[in-house]
Amino acid sequence: MPPDSPSAAHPAPDIQAHAQPPGLLQLFLAFAKISLSGFGGVLVFARRAIVEKYRWMTADEFNETYALCHFLPGPNICNLSVVFGARIRGIPGSFAAFTGLVGPPVVIVSILAMIYARYGEIPALQRTLAGVSCAAVGLVIGVAARMMGPLLRRRDPVAIGFLIAVFVAIGLLRLPLPPVLLIAIPLSIAVTYAMRRNVA
């Protein structure tokens, strides 16, 4: 492909080279900005910042890291900040990313909690919170669609099969999450290992 073609000049976010790793202050400020942007959940904004804006991870790397964090105890996005920070700058990086992520919201939520305790029964405020809930659901659906992109582009039948199976088990059949994960995780690892071994 010619070097001056549009595709060469602007590669897709999931195949771009990694940008310069951030310092501790930049890491803290980036996650603080993510947390302050994340009304209804910060996963959407975390992916946009890490993958598309700063290019600190590819889309595939983000999906793999988030998948790991999803299977760990605790809030997924907090796990992501700790894992990502450690990957970039070690233990200080984990502390900087985690502090940036949770620090500003803790201050804001504490203030809002005091306001809600005083004015929470007002109907207008309750309707506003209901609208925010709908927007939060839309954000989650949107980022899930973006994260599925790399899987669908690879056209990996095994990955897509596991995706559909887990969605059906949890989303439609309403099976408990822990048993589904206890079956899906080792099975997916075993199948992936076997396929790569056969290819090698």
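1. A search of the whole structure finds zero disulfides, a disulfide being a pair of cysteine sulfur atoms within 2.5 Å. Cys 69 is buried, at a relative accessible area of 0%, and Cys 78 also counts as buried, at 15%. Buried means under 20% relative accessible area, exposed over 50%, and partly exposed in between (1.4 Å probe, protein chains only).

2. This is a predicted model, in which local features need pLDDT of at least 70 and side-chain atom pairs count only at pLDDT 80 or more, while totals for chains, interfaces and linings use all residues. Residues are numbered from 1 along each chain as its sequence is written, and side-chain values use heavy atoms, without hydrogens and water.

3. The protein chain has an average pLDDT (the predictor's confidence in each residue, from 0 to 100) of 80, and 88% of the residues score at least 70. Over residues 1-17 pLDDT stays under 50. Where pLDDT is low, the predicted coordinates should not be read in detail.

4. Helix H8 covers residues 177-199; helices are DSSP runs (H or I, at least four residues), numbered from the N terminus.

5. Val 180, Leu 181 and Ala 184 of H8 are buried. The cover over the buried residues of H8 includes helix H7 (157-172). Residues of H7 in contact (heavy atoms within 4.5 Å) with H8 include Phe 162 and Val 166, and those met in H8 include Leu 187 and Val 191.

Conventions: Helices (H or I, at least four residues) and strands (E, at least two) are DSSP runs, numbered from the N terminus. The expected span of a helix is 1.5 Å times one less than its number of residues.
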